[in-house]
Amino acid sequence: MPLLPTLHLPTLTLVVCVVLFTAAATMSLVGATQRTYLGFGWWTAAQWANTVGALCLVLQHHHAWLLPISALLTLQWPLTMLTGMRQFYIRSSFRSPAWVDWALALAGGSAYVAVWHASPQDLGARVASFSFVNVLFYLYAAWQVQAVRHDKDGRHSPYLKAILIFMVAAATVQMPRLFSAMGSWGAPVVDATQIQQPVVLVALVAGVMFSVYMCLLMTYERTELDLRESHRQLRQMANFDLLTHVPHRRHFQELATQALALGTPGSATLMRFDIDRFRLLTIDHGHAAGDEALRLLASSARSLLRSRDLVGRLGGEAFVALLPDTSVTDALHVAERMVRRVDQVCQQHERPPLSLSFGVVQLQSGESLDTAIHRADEALQEARRQGHNQLVHADGQAGQALFSASQPLGLRPR
């Protein structure tokens, strides 16, 4: 003999009420003490509504009108959960606007109440109308969740997939009860408690506990994703200059060291460049103009260099670029294009004119990156001594470098 039909229905209803209360209280506790997101409040409200519905079942022997209220509070669950989904996945595209959910809830609830009022003694009609509306709500919610599954915001969540499967299953398992009730439509009610089938109550508890578990997992999944994004942004902040969006000195040295290890020894060129009289620029035009000049120089360098080239900010107005498989002559052409780009932007936007100086070295076989940067910096200082808007090439060891004659870079007259 099946176990569930032999269960004491009032006791089972009381146990269900306690379990649902525990689930709703757990959701409320998490919402009050942990970080949650938009939509979690609606999920919590759905569990509390189910709890009140179960309490109505406990008390319906004293107040018969509590039975339809209990049914309405149970019917709300899939659409209230869907309202939470809309907020939790607020950037996703659902298949219909939110007002359709409320219109469907109002229409379905009204239809159930109308059948109950029109057929107070027809148990088959009441059960059939309840089951039909409930199946409709679950399938509609599943249809909307399926849209989120195909959206970039939710496609990778296994918990969202589990909720989708649950909603389809919840609609499917009610089909036999729906067809059975439709077959008994018009039959008189012998005992009003017949509508409280033990299988239905046990399924309600299982569904609520599953949904609570999935809601908590989705919340923790979102928290984990946010933490990963925060860590990514922190790494970005640690490795890149926030003003110019190029690697700072340490990260540039890490990347450049890796690039040199993969390239042919002695084939790379290092170029040091910065803005002449940068301090005077900030004094005359303000620090905002100085920041704009640094951003312009960095963006011009990034746009002109190849994908395998590297550019970094050493600090202040000092920049450095590593050009693998590049000769000094080619580096000169890069510098010329860079100053033309900077000059063109300054003229177009009526910004203060910028003067740039460059120091270029060809990395020697076995030479360290720090030594090459130091030689390029010496060449840069020599360019400034010979005149601004110049490029100087340094040959030889640091401290004993042989500097080429400065080469003007063709900026407009200052």
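The questions and answers below explain the terms used for parts of this predicted model.

The model is predicted: local features need pLDDT of at least 70, side-chain atom pairs count only at pLDDT 80 or more, and totals for chains, interfaces and linings use all residues. Residues are numbered from 1 along each chain as its sequence is written, and side-chain values use heavy atoms, with hydrogens and water left out.

Q: Why is alanine 147 called buried?
A: Buried means under 20% relative accessible area, exposed means over 50%, and partly exposed lies in between (1.4 Å probe, protein chains only). Alanine 147 has 10% relative accessibility, so it counts as buried.

Q: Where is alanine 147, and which residues does it touch?
A: Alanine 147 is part of helix H6 (residues 123–149); helices (H or I, at least four residues) and strands (E, at least two) are DSSP runs, numbered from the N terminus. Leaving aside residues up to four places away in sequence, alanine 147 touches Ser93, Phe94 and Arg95, where contact means heavy atoms within 4.5 Å. Alanine 147 and phenylalanine 94 are 53 residues apart along the chain, with their C-alpha atoms separated by 5.9 Å.

Q: Is serine 131 buried or exposed?
A: The relative accessible area of serine 131 is 0%, so this residue is buried. Serine 131 also lies in helix H6. Its contacts, not counting residues up to four places away in sequence, are Gln174, Arg177 and Leu178.

Q: How many bridges does E1 have with strand E4?
A: E1 and E4 (residues 356–362) pair in the antiparallel sense over 7 bridges. Phenylalanine 273 stands opposite phenylalanine 358 in E4.

Q: What makes E3 largely enclosed?
A: In E3, 6 of the 6 residues are buried, so the rest of the structure largely encloses this strand. Ala318, Val320 and Leu322 are buried on one side, and Phe319, Ala321 and Leu323 are buried on the other.

Q: Which strand forms a hairpin with E3?
A: E2 and E3 form a hairpin with 2 residues between them. Strand E2 (residues 310–315) runs antiparallel to E3 and is joined to it by 5 bridges. Valine 311 has alanine 321 of E3 as its bridge partner. In the turn, glycine 316 has a positive phi of about 60°.

Q: Why is aspartate 325 called partly exposed?
A: Aspartate 325 has 41% relative accessibility, so it counts as partly exposed. This residue is in the loop between E3 and helix H13 (328–348). Aspartate 325 has a positive phi of about 50° although it is not a glycine.

Q: Is histidine 245 buried or exposed?
A: Histidine 245 has a relative accessible area of 54%, so it is exposed. It is found in the loop between helix H9 (198–239) and helix H10 (249–262). The phi of histidine 245 is near 60°, a positive value in a residue other than glycine.

Q: Why does methionine 182 count as partly exposed?
A: Methionine 182 has 46% relative accessibility, so it counts as partly exposed. Methionine 182 lies in helix H8 (residues 175–183).

Technical notes
Pairing = 2+ DSSP bridges.
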